[in-house]
Amino acid sequence: MNPRDRERYSRQILFTGIGEQGQQHLLDARVAVVGCGALGSFQAGALARAGVGFLRIIDRDYVELGNLQRQWLFDESDVEQSLPKAVAASRKIASLNSDIRVEPVAADLTPANVEDLLGGVDLIMDGTDNFETRYLINDYAVERGLPWIYGAAVGSYGIVMPVTPGASACLRCIYPDPPAGAQPTCETAGVLGPVTALIASLQVAAAMKLLCGAEPPRKITTVDVWTGEIRQIAQPGPVADCPACGRREFPYLNGERRAPVSLCGHNAVQIHERARPLELRDLAVRLAPLGTVRSNEFALRFEAPPYLLTIFPDGRAIIKGTTDVGVARSLYARYIGG
Ligand SMILES: [Zn+2]
């Protein structure tokens, strides 16, 4: 370790649970942050400050004004530039720790790219806002024997559970299937900044302990920052008939048919099954007579009231102004092509 690192991380090195050896483990570690909203942006910033040597930040969305209430890494200039969250986060991190490597990936994590995006990391941080992606992470992590830190927050409530395949219960040991029916989301129930920071902090602490070579807390922690209640139950070991760690079935990893996903925090639908590269400059010229077009190298935004389409170079689109998948599909076909 060089003198600059020794000074920068001195308070962590003094902490007996980490020490110089633990700090070296953190510097050597490779971590993927999946989703860079309230949880993920806090995780990315905190892990960068702690000196995790490589961070891959994966997020499919761009920064909006409604994010700033709880998404700690972003500011108004990111909103004005319509920057992808992954790009805005990595720029911010470069200014707070230029000694680590950050790789922004403006994409949706899918079965098709999961190996490219999560292969070669030591740990996966859950910063997602939907069960489909969490079950994909769990399948990949259990199949590969990779640890991941589950976390979720909505309203004033949140939950944390570190998963170490083989040593602890996985997500499907506890919840074999995603919850049925409509669930409260940040869009319907809102979400408080403090609960996201608390959940993300617990996730980061578990991650640091794990990366230093120690067992993370074997607990499932739930908190409600409004009532002040904090509950913990012991996390069981792997469940023998768990579909993932027991029976080794990985339907989310093998899943070819994915429905468009409604996004947390938006009246919006994402179309991602038509993945194909698009030339945004050509598309901007084509759409200009039909509505207001704004574009940069990362995305093109096309306003055709009451809809707002954000189109990415990989062919993905987020269609705002509807939760109707059929309407979203037809707008995609009309403006981008079927
Ligand atoms: Zn399991």
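Glu-76 is found in helix α5, where helices (DSSP runs of H or I with at least four residues) and strands (runs of E with at least two) are numbered from the N terminus. At 53% relative accessibility, Glu-76 counts as exposed, since the term exposed is kept for residues over 50% relative accessible area, buried for those under 20%, and partly exposed for those in between, with a 1.4 Å probe and protein chains only. The C-alpha atoms of Glu-76 and Val-63, which are 13 residues apart along the chain, are separated by 9.0 Å. The model is a predicted one, in which local features need pLDDT of at least 70 and side-chain atom pairs count only at pLDDT 80 or more, whereas totals for chains, interfaces and linings use all residues. Residues are numbered from 1 along each chain as its sequence is written, and side-chain values use heavy atoms, with hydrogens and water left out.

In the loop between α5 (76-80) and α6 lies Ser-82, a residue other than glycine whose phi is positive, near 50°. Its relative accessibility is 7%, and Ser-82 therefore counts as buried. A second residue of this kind is Arg-248, with phi near 55°, in the loop between β8 (229-234) and α12 (251-254). Arg-248, however, is partly exposed, with a relative accessible area of 44%. Most residues other than glycine have a negative phi, and most peptide bonds are trans. A cis peptide bond, with omega about 10°, joins Pro-305 and Pro-306, and Pro-306 lies in the loop between β12 and β13.

Helix α8 (residues 131-144) comes next. At 1.5 Å a residue its 14 residues should span 20 Å, and its end C-alpha atoms are 20 Å apart, which agrees; the expected span is 1.5 Å times one less than the number of residues. Because 10 of the 14 residues of α8 are buried, the helix is largely enclosed by the rest of the structure. The buried residues include Arg-134, Asn-138 and Asp-139 as well as Leu-136, Ile-137 and Val-142.

Helix α13 (residues 280-287) has as its buried residues Leu-280, Leu-283, Ala-284 and Leu-287. They cover an arc of only 105° around the axis, which puts them on the same side of α13, the arc being that of the directions from the helix axis to the C-beta atoms. An α-helix has 3.6 residues a turn, so residues three or four places apart point the same way. The face turned away from the buried side carries the exposed residues Arg-281, Asp-282, Val-285 and Arg-286, while the buried residues pack against β11 (292-295), β12 (300-304), β13 (307-311) and α14 (325-335).

Aromatic rings of Phe, Tyr and Trp (its six-membered ring) pair if their centres lie within 6.5 Å, and planes under 30 degrees apart count as stacked, over 60 as edge-to-face and the rest as tilted. By this rule the count comes to 5 aromatic pairs. The rings of Phe-302 and Tyr-335 have their centres 4.8 Å apart and their planes at 65°, so this pair is edge-to-face. Since Phe-302 lies in strand β12 and Tyr-335 in helix α14, the pair ties together parts that are 33 residues apart in sequence. Both Phe-302 and Tyr-335 are buried. Elsewhere, ring pairs link Phe-131, Tyr-135 and Tyr-252 into a cluster.

Charged groups also lie over rings, a charge being counted if NZ of Lys or CZ of Arg is within 6 Å of the ring centre and within 35 degrees of the ring normal. Arg-30 lies over the face of Phe-54, at 4.0 Å from the ring centre, and the charged end of Arg-316 sits over the ring of Phe-312, 4.1 Å from its centre.

Conventions
Contact means heavy atoms within 4.5 Å.
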